[in-house]
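These are my notebook entries on a structure whose sequence and coordinates I went through step by step. I set down each item in the order in which I looked it up.

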2 protein chains.
Amino acid sequence: LNFSVKILGSCSAVPAFGRHHSAQLVKYYGSTFLIDCGEGTQLQFQLHKSKLSKLTRIFISHLHGDHFLGLFGLLSTLSLMGRTKQLQVYGPKGLREIITTQLKYSQSIIKYPLDIIELEFPKSGILFEENNLRVSHCPLDHRIDCHGFTFEEVKQSHRLKPTCENLNLSKSQIANLKKGNDILNENGEILHKNEDLTNPPRKCKKYSYCSDTKYDERIVPFIKDSDLLYHEATFLNDLASRADSTYHSTAQQAGKMASLTNTSKLLLGHFSSRYKELRPFIQEAQTEFENCELAIEGLEFFIEK
Amino acid sequence: LNFSVKILGSCSAVPAFGRHHSAQLVKYYGSTFLIDCGEGTQLQFQLHKSKLSKLTRIFISHLHGDHFLGLFGLLSTLSLMGRTKQLQVYGPKGLREIITTQLKYSQSIIKYPLDIIELEFPKSGILFEENNLRVSHCPLDHRIDCHGFTFEEVKQSHRLKPTCENLNLSKSQIANLKKGNDILNENGEILHKNEDLTNPPRKCKKYSYCSDTKYDERIVPFIKDSDLLYHEATFLNDLASRADSTYHSTAQQAGKMASLTNTSKLLLGHFSSRYKELRPFIQEAQTEFENCELAIEGLEFFIEK
């Protein structure tokens, strides 16, 4: 049980050097979310020993092929594998028409309840709150409607001190302590002050996903204070004008965004097929922000372990 | 330069054991044709060192996802790679709507002329003849409209005997010999009889592709006399009734079809994810037809070398 992000794909439009199209798994205490679903994502699940059957919800940032072309195959495979549980898929307008067109001509049926939720653009807001996790979306500045996503804990429990073990506390007393309450006796008098038996809650953790987008400071309020921020870095700075004209970012811009937003760690990805060697992405981003890593296929980044 | 079939994918709907969705490359003296284009086919091109840029035409048998979901990504990548040459894509009705729907929402443009030719069902006929190769289609018996394809040489040249080298023949004389004509002098008299200078043409070679289909003897006239026949074998005989109900074939049925059609070699493929071990497919098919092989990813089968 943890809060983590596992990378299944890291390249931009043209696949190269064994890198795959965008896909990430966000795991949060028993829930597994897929963000983007490039071509071959279901094969990447197999390769990286992740279970399709555990998928809870899917989020598609935008309808460029490298971010969603694996979706229909994955939905079909889930049906063939016997899934019966509802699956929510969030994505831009048009996603439903694309899927229903393919279902029509393949004369296929998805046997589980498939709930496609089309997101308004350019709007932001909470998509849902569930099991102490809030997932939200915000508009990104790309060539077509594109959404960023954040996954953030809603609240954290007070943490019991070891001394509690000797007090023979009931379940309801423990629950009260975790909520920050004191323990009272039958007359409503304080038996134990909360601060004596607990440490304050740890910070609520947050993951932010920004792909694809120009460098755009309008998203700062949305992604600020992330423990982990994924920001696309399609190009290096020598192609900054190309990044601008194609509505993408450079590694330096991703670093700048991380430094502006009080981020703990930055993940770089969506690398152009021009670049075989990826170390320069780290070097360039580190001119702005020290703690960054490459979003390489198979790596899992733990936000809480 | 040769006539060959290279396997890029061999599995049925649910990918398993490292096998990929259906895709094959047919190479004929400088032309490269793709039959079916399952999810991840563009990655299989890279893995098996085949060049996307060499693609001449594409044939999609039917619109189940495992046979076409890689198409849109592949078409997009060709555009991003700078292709300018026209590309013909043959497939069932609906293929155009699926592609145009995806283009609409991705706001993408295919920069080369893309010619989508939707095939009538259930009809058969010649799709084109080019560089001595005739490509035809015929209806298969599957759950949805599905087409088989044949690639056959139109005619073969008479083959020059070594003695020709000493005769100082002109180009037009050689061309005449290859056509089967005698060489005449200026008065129209026979100078050399064709049979003295040439061996008869070798047999015209033929490749037939049948996936997905029930066992169906109606296709015998269409695929007969193939040098290489690919016939799907989704199941083994213990699941013959499941093969029947899902409009697929067993390995034994594929063998029977090969033996009925004067085929030289049979290729089995489209294996269900139930089967990890594929040797039983060969053993079962060989109860009907001896010369058979598995269509394993990366293998290339030479019809003429």
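This is a predicted model: local features need pLDDT of at least 70, side-chain atom pairs count only at pLDDT 80 or more; totals for chains, interfaces and linings use all residues.

B:Phe271 and B:Phe281 make an aromatic pair of the edge-to-face kind, with 4.9 Å from centre to centre and 65° between the planes. B:Phe281 belongs to helix α10 of chain B, while B:Phe271 is in the loop between β16 (265–269) and α10 (279–285), so the pair ties together parts 10 residues apart in sequence.

**Entry 1: aromatic pairs elsewhere.** How many aromatic pairs are there over all chains? I noted a count of 28. I picked out A:Phe59 and A:Phe151, whose ring centres are 5.5 Å apart and whose planes stand at 85°, so I recorded this pair as edge-to-face. A:Phe59 is in strand β4 (residues 55–59) and A:Phe151 in strand β9 (residues 147–153), both of chain A, so the contact ties together parts that are 92 residues apart in sequence. Both A:Phe59 and A:Phe151 are buried.

**Entry 2: charges over rings.** I looked for lysine ends placed over aromatic rings. The charged end of A:Lys214 sits over the ring of A:Tyr247, at 4.4 Å from the ring centre. I also listed A:Lys305, whose charged end sits over the ring of A:Phe302, 4.4 Å from its centre.

**Entry 3: backbone exceptions.** I kept in mind that most peptide bonds are trans and that most residues other than glycine have a negative phi. I found a cis peptide bond from A:Phe121 to A:Pro122, with omega near -5°. A:Pro122 is placed in the loop between β6 (114–119) and β7 (125–130) of chain A. I also noted that the bond from A:Ser211 to A:Asp212 is cis, with omega near -10°. A:Asp212 lies in the loop between β14 (206–210) and α7 (220–223) of chain A.

For phi, I recorded A:Asn168, which has a positive value of about 55° although it is not a glycine. A:Asn168 is in the loop between β10 (159–160) and α5 (171–179) of chain A.

In chain B I noted B:Lys49, a residue other than glycine with a positive phi near 55°. B:Lys49 is found in the loop between α1 (41–47) and β4 (55–59) of chain B. With a relative accessible area of 72%, B:Lys49 is exposed.

**Entry 4: relation of the two chains.** Chain A is placed on chain B by a rotation of 180° with 0.0 Å of shift along the axis, at an RMSD of 0.1 Å. The two copies are therefore related as by a two-fold rotation axis. In chain A, the C-alpha nearest this axis belongs to A:Gly40, at 2.6 Å from it. I also noted that the same surface serves both copies, as 100% of the contact residues of chain A recur in chain B.

Terms used: Residues are numbered from 1 along each chain as its sequence is written. Chains are lettered from A and ligands numbered from 1 in the order in which they are written. Side-chain values use heavy atoms; hydrogens and water are left out. Copies are superposed by least squares on the C-alpha atoms of residues with pLDDT of at least 70 in both. Contact means heavy atoms within 4.5 Å. Rings of Phe, Tyr and Trp (its six-membered ring) pair if their centres lie within 6.5 Å; planes under 30 degrees apart count as stacked, over 60 as edge-to-face and the rest as tilted. Helices (H or I, at least four residues) and strands (E, at least two) are DSSP runs, numbered from the N terminus. Buried means under 20% relative accessible area, exposed over 50%, partly exposed in between (1.4 Å probe, protein chains only). A charge sits over a ring if NZ of Lys or CZ of Arg is within 6 Å of the ring centre and within 35 degrees of the ring normal.
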